[in-house]
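Q: I have a model open and want to learn how to read its packing. Where do we start?

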Amino acid sequence: MEPVLELRNVTKSFGGLRVTADVSFSVAPGSISAIIGPNGAGKTTLFNQITGYLKPDGGKILFQGKDITNLSTREIVTLGMARAFQVTSFFPEETVLDNVRVACLSQMNKTRNLLKSVSVFNEATDQAFKILESIGLQNVADRAGFELAHGDQKLLDIGIALALQPKALLLDEPTSGMSPEERLLTRNLIKRLWKEFSLTLIFIEHDMDTVFGIAQTVRVLQMGRLLAEGSPEEIRRNPEVITAYLGEEVL
Ligand SMILES: Nc1ncnc2c1ncn2[C@@H]1O[C@H](COP(=O)(O)OP(=O)(O)O)[C@@H](O)[C@H]1O
Ligand SMILES: [Mg+2]
């Protein structure tokens, strides 16, 4: 099967520092996979390049067989790739519903001329409510984004990304800052969304229960380099990964 996403020797430096060093991997369509590695390993920078926020200095990125290396973020979103950020990025003063509804409208706007239509607004509202139900935020639909608990704010960002009807969804540390209970709920939620929306899902994560609990494939970045790639079992047992990142406790 053709990979949905393919990186070929992706390289990026800031000043003299190589933040992404010749990273190559292929992501199978419909898969769920994790990227792990120490702080500063280049995980977010890699996402920034995949989603067009940064241009690689060298290498190629293909999405569904198409070269997206030099496309804008907007063009990449239009092709079907959405992302939730390590730091949440919704409109804090707007309601939860409006945040998701605006994203639904913008997605609908790509395919239709909306300007005149009230029914389109209603359709966007319905879609937004469906998404809020999927992520469990339907009861706080009328609250302003900033009023939500931290964990719910992270979920709202995922909801906004889902409104773009992506084929591929990238999540940067979806459980960061959450309590253990919230992390467990979010882990189950991510797995459910992956199935419900038939996504190819790639997430960056430090919580190893989440990584080893739901990822089919784990990729390890260290100092910008792809140190290892494999099944959760292979990664857990990989001596280089244990030395560089995992330590002994996860064994
Ligand atoms: N815009 C930037 N300009 C300069 N250095 C950056 C920039 N963004 C990230 N870096 C550096 O790149 C390295 C990798 O950062 P990052 O991708 O955020 O790591 P991770 O997400 O794995 O913790 C860090 O050393 C960071 O300081
Ligand atoms: Mg990061």
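A: With ground rules. This is a predicted model: local features need pLDDT of at least 70, side-chain atom pairs count only at pLDDT 80 or more, and totals for chains, interfaces and linings use all residues. Residues are numbered from 1 along each chain as written, chains are lettered from A and ligands numbered from 1 in written order, and side-chain values use heavy atoms, without hydrogens or water.

Q: At what angle do helix 5 and helix 6 pack?

A: Helices are DSSP runs (H or I, at least four residues), numbered from the N terminus. Axes are lines fitted to C-alpha atoms over the stretch in contact, and angles run from 0 to 180 degrees between N-to-C directions. Here helix 5 (residues 150–163) and helix 6 (residues 180–196) pack at about 10°, axes 11 Å apart. Helix 5 is therefore roughly parallel to helix 6 (angles under 35 degrees).

Q: Which residues make the contact?

A: Contact means heavy atoms within 4.5 Å. Helix 5 uses Gly-151, Leu-155, Ile-158 and Leu-162; helix 6 uses Glu-182, Thr-186, Leu-189 and Leu-193.

Q: What are the domains?

A: Bounds come from an automatic or database domain assignment. It gives domain 1 (1–80 + 166–251) and domain 2 (89–165). Their C-alpha centres lie 25 Å apart. The contact takes 20 residues from domain 1 and 12 residues from domain 2.

Q: How many salt bridges link domain 1 and domain 2?

A: Look for a side-chain nitrogen of Lys or Arg within 4 Å of a carboxyl oxygen of Asp or Glu. The count is zero.

Notes: Helices (H or I, at least four residues) and strands (E, at least two) are DSSP runs, numbered from the N terminus. Angles under 35 degrees count as roughly parallel, over 145 as roughly antiparallel, 65 to 115 as roughly perpendicular and the rest as oblique.
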